[in-house]
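Hi,

Here is the model I promised to pass on. Could you have a look when you get a moment?

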Amino acid sequence: MGSKILTLILLILLILLISTTLQIYEKTYANEIYDNRHTIGFPQNITYTINISSSELSEIINQLKNIDNITSSCKNIDCVQNISSSYIRSVANRLRDEGVLSNDAYDAINILSNSGSSDYKDLYSLINDPEIRSLLSQLNTSDIQKFAELANSSMNRLMEMYVSGRISYKEYAAALELIRRLALEKNVYDIYNLAGEREMDLLRAIIDRSYSDALLKMISASKDISLIEKGSSNKIFVSQNNMSGSNLFSGFEGLRLVQIMFPSIPLTMILEIAVVGVLITLIIMLLRLGVNPLEKISRYITNRGVIDISKLSNLPTPIKIYWMAVSILSKRVPRYENETHREYLKKIIENKDPSSQNFSKITEVYELTKYAGVINKDLEKTAEESFKEMSRR
Amino acid sequence: MSMLRKILDIVSEILIEREYEISLLIATLLSSGHALMEGVPGIAKTLTAKTIARLFDLEFKRIQMTPDLLPSDILGSYVYNQKTGEFELRQGPIFANIILVDEINRASPRTQSALLEAMQERQVTIEGVTLSLKQPFMVIATQNPIEFEGVFPLPEAQLDRFLVKIETTYPSTKGFIKIMSRIDEIEERSRELKPVISREELFQHMNNVRNVRVDDSIYEYVASIVEATRSHPAVRLGGSPRAGISMIRLAKSLAYIEGRNYVIPDDIKRIARPVLIHRIIVKPEYEVEGVRPENIIENILSKTPVPKP
């Protein structure tokens, strides 16, 4: 019956612990900034409600959507430069102000969308890599026959360097623009078109990356993010407080942001869950094994296996000595009421107590005196000497 | 060298990983008690009993219990001799020193009752003539714990007549491999086994066991354990005074075969389970929760204070 009550108390304590932990989690972490990582094993179907102006959000989304449409419809950079260079630059300005576009990417967009506004010198000055500078110098001085071949190999080399991350957006854009202009001067239109296509690819890549960064930064920057479980939904979407449930990304499939918008669970929370889990498992295992942890603790504290030495006055000396030795040793190794003298000795030996050898002799004499009824002076002497030796240690 | 050590050294070559069972059976024999061995078929229960009989130079008989077995098949009966024209007693297998009663729960209650009465009284009455059984007299009964059909479980009152219930288990993997690899050698050694303790020596040892010292605190310890089995909330029927007497007897024998002439609380703890396990009946509501007599014994031993000071 006692064990059942104890189990009930422990269960109540565990429930309280778990609920408190969850409340702390909700209050501490739910209002904090989320980063763009998904913790494996945790639910992905969560709705974010973010507190930013609906008009501001719509405007940015629409601008991004327009640029996506422009870059999708244009094959060559000429198309962008002729149609919407100013619009792209204004959006780039806005994104840079929001902190979602790096200076490097911003400069690259400006180079790509700003045909003719920068002269050769300015563009060349943007390139720091000596290899590119050398390649461009060679292209500048080469004759028309060699230009095409050299420009092709130079663009391939530039691509390799860009992909490997050796050069920045800005350097890549400037180099391509220079090659394009040189090709136009030398009337090598194949190279001119190829360089334009490469520039277009670069612009698309920058815009694509900007989408993700912009939206994630906007979500991160929002002050009040609450988690709402939506068990039935398989989608994740961003909504406003006053527009709960509406999907602002509908019709904007190209974003592909869903995969990276899952919340991460803070490490401390995972640790808390792990600790609670381990505790629950341990307690259940102990209870199943018939070990009552509270009883063990209370027995350890009260140490009831030790006898009051003042009550031993009429007993034979070896018995008195044994219980005196127990009273000393039990401070280091507790003795329980249900433990026999041999069991306690075994425990002392297993604990590698320095007094184990002397206590072994005392126990042997105690057993003979108490249970075999042997009382003689030699045994008393052995017990006394062993006790003295034990006390010195 | 203690008596047990001497025997264990010999039987360890024949009975692999059966030291616990052997020590309990010898202690039961020295205590003039009977043992109930519970275990699945094929774990050397018969061989164990036979080996004990041979080591002590005692007469051994085996009875395979079946539902149609009659009391007279065990005890014996008077048969008419045509030559002499008189009725002569034909003794049943119960007239031996060690009797292995295989699958005791397969016999009808009437036959079981006749056997158990003989175990208790150590004498039988056949057609009005009372005959004493051989001394020493020990019944080693076996039963299969997993059979429920075609069996007649022993009533609690009759279970109480067994001094101990020995739960025989399978050997470990290592032991099992040892048995398989050395089975021919084991069988040969078993056949060639010679008595190591004569009948007279055995009687002397039995007499010595009676003189083993039991401190008053040990009696108090045993009493508190047995009484705790009765007051335990999960127990419907606890240990009887006979259970306490059995504990003391078995503890004395165990102490003796270990070379001591006094009982210590450790002996009581060791024999508590085999002596009490078949004497405790758990309440049905606890039984369905998985509470077993062995759990109750463990629980009681963990709470009962050992003698002090």
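Predicted model: local features only at pLDDT ≥ 70, side-chain atom pairs only at ≥ 80, totals over all residues.

Residues are numbered from 1 along each chain as its sequence is written, chains are lettered from A and ligands numbered from 1 in the order in which they are written, and side-chain values use heavy atoms, with hydrogens and water left out.

Chain B has an open sheet of five strands, paired in parallel in the order E2-E5-E8-E1-E9. Strands (E, at least two residues) and helices (H or I, at least four) are DSSP runs, numbered from the N terminus, and two strands pair if DSSP finds at least two bridges between them. Strand E2 (60-64) and E9 of chain B are the edges; each has a single partner strand, so one side of each lacks a neighbour in the sheet. On average, neighbouring strands are turned by 20° against each other, direction ignored. E1 (residues 35-38) and E8 (residues 138-143) of chain B are joined by four bridges in the parallel sense, with B:Ala35 opposite B:Ile140 in E8(B). Helix H3 (residues 45-55) of chain B packs on this sheet, touching E1, E2, E5 (98-102) and E8, and makes about 170° with the direction of E5(B). Contact means heavy atoms within 4.5 Å; axes are lines fitted to C-alpha atoms, for helices over the stretch in contact, and angles run from 0 to 180 degrees between N-to-C directions.

Next, the two chains: 20 residues of chain B meet 24 residues of chain A. They bury about 1,800 Å², with 52% from carbon and sulfur atoms (accessible area, 1.4 Å probe, that two parts lose on being put together, summed over both). On the chain B side, B:Tyr262, B:Lys308 and B:Pro309 lose the most area to chain A, together 35% of what that side buries.

Two backbone details to check: B:Gln135 and B:Pro136 are joined by a cis peptide bond with omega about -10°, and B:Pro136 sits in the loop between E7 (129-132) and E8 of chain B. A:Lys352 is not a glycine, yet has a positive phi of about 55°; A:Lys352 lies in the loop between H13 (341-350) and H14 (356-370) of chain A.

Cheers
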